[in-house]
Amino acid sequence: MYELLVLLILVVAIVMVTARLKISPFLALIGAAILAAFAYRIPLADVASTVTTAFGSTMGNIGLVILFGTMIGVILEKSGAAISMADALIKVLGTRFPNLTLSIIGYIVSIPVFCDSGYVVLNSLRKAITLRTGVSALATSIALMTGLYATHTMVPPTPGPLAAAESIGVADNLGLIIAVGLPVAAISALAGLAYASRFNKSKWTPLPSEGDDDISELDYGQLRASFGKLPSPALAFMPIVVPLVLICAASIAKLPSHPFGEGIALEILSFIGTPVIALIFGLISSTFLLSGDSKLADFNEQMHEAVRTAAPILLITGAGAGFGAVLAASDLTTILSDSLSGLGLGLAVPFLIAAALKSAQGSSTVSMVTTSALVAPMLGSLGLGSELGMVLTVLAVGAGAMVVSHANDSYFWVVSQLSRIPVITAYKTLSVATAIQGTAAFLTVMLLGAVLL
């Protein structure tokens, strides 16, 4: 009972200091790790090494993956490639189904680009489609938001799923996570799309704009013009497609049947399909998106911005690993495992923990990092110790990390403010949408678990 009480106090403390006091999650998690070490009576000589070893190991395993993924995302955003991808999809899908179009665009763009940034860049496109089709702006806002959110928490190389995969012990098989995560995220996006369609004929009117000095206030033509000549769709999609194909090809090559052969072929595919190497190829392909006489200067500036963006994510991920290592070294994991394993909850455990943390403190990434660290030691007792079980655990954590986006989540404010949605309306629609799509994703994961495990 003492161990569980300590855990509850620490989790509440993390939520309070990050959500209410606005203290960095990195400091909160490091502080919680040290306090947990004292509370669980871990030998003083082992406290620092337990935290730092886990921190360093995590950075060594996924630090570069997060960094290269962020670099690709920044180039896609700054080069206009996201707009080019959107245009290409509109040409294929047309404007008859605006919500579907925006959901698919968001689903694809958010694989490497943070959902917040994706919404900022695509909001002008959303407004243009809304005007062209006459569909309610509320419906298109929800469709784009949920499309972006689906892959943000379910599909690597987004940092949240990467961090969860590392903590749970399946980071060496990202191809399987991607292969399973893409359809699960698609069902989640479809659930959000179905909810958005309820508001197609809504009479809701956006709040008046308070200014026109940001990118969201440009009309679609001005936004396109601000990027100059847009890259071709083929070049725009390449930084996303190349690493995904390489990672998935390596996973297929390693199957017991060795469909691509053995020997040198297997070695080469295994090498280039390693997430870090695959993302390096993706980064190289993204450089073809740069244009003008200042390519090198633009590249360097965007890489500096990517480093600034990735730094806090890396620190939070490493701190979460340190916190998890302390918990794993205590008697808590044995107690929790014994308590939960007898309840037959299985995949519901990571989902419920992630959902509680997400709703309480707002950050999907922090929720995924903390939850994965908590559940990793108990996977065997939950019946999730197999490789496929660990993959489904990552996706269950991702599903929980969608539930629920509200006022303590930066994404909630990005969507509501750019779409001019009043706070009370945003609570009634945006928060409900994330609850629906997170639940849909979890039910899909549960169904997969019932069939495959």
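What percentage of the 453 residues of the protein count as buried? In this predicted model, in which residues are numbered from 1 along each chain as its sequence is written, local features need pLDDT of at least 70 and side-chain atom pairs count only at pLDDT 80 or more, whereas totals for chains, interfaces and linings use all residues. Side-chain values use heavy atoms, with hydrogens and water left out. The buried share is 57% of the 453 residues, where buried means under 20% relative accessible area with a 1.4 Å probe and protein chains only.

The protein contains 20 helices and 0 strands, helices being DSSP runs of H or I of at least four residues and strands runs of E of at least two, numbered from the N terminus. Its radius of gyration, taken over C-alpha atoms, is 22 Å, close to the 22 Å that the globule rule gives for 453 residues, so the protein is as compact as a globular protein of that length; the rule is 2.2 Å times the number of residues to the power 0.38. Along the principal axes, the C-alpha trace spans about 65 × 60 × 45 Å.

Serine 110 lies in the loop between α5 (98-109) and α6 (115-133) and is buried, with a relative accessible area of 0%. The side chain of serine 110 reaches the backbone oxygen of leucine 148 at 2.8 Å. Not counting residues up to four places away in sequence, serine 110 touches Cys115, Leu148, Thr151, His152 and Thr158, contact meaning heavy atoms within 4.5 Å.

In helix α19 (residues 410-418), the buried residues include Tyr411, Phe412 and Leu418, and the helix is followed by arginine 420, whose phi is positive, near 60°.

Definitions and conventions: Buried means under 20% relative accessible area, exposed over 50%, partly exposed in between (1.4 Å probe, protein chains only). A polar contact is a pair of N or O atoms within 3.5 Å; within protein, one must be able to donate a hydrogen and the other to accept it, and residues adjacent in sequence count only if both atoms are side-chain atoms.
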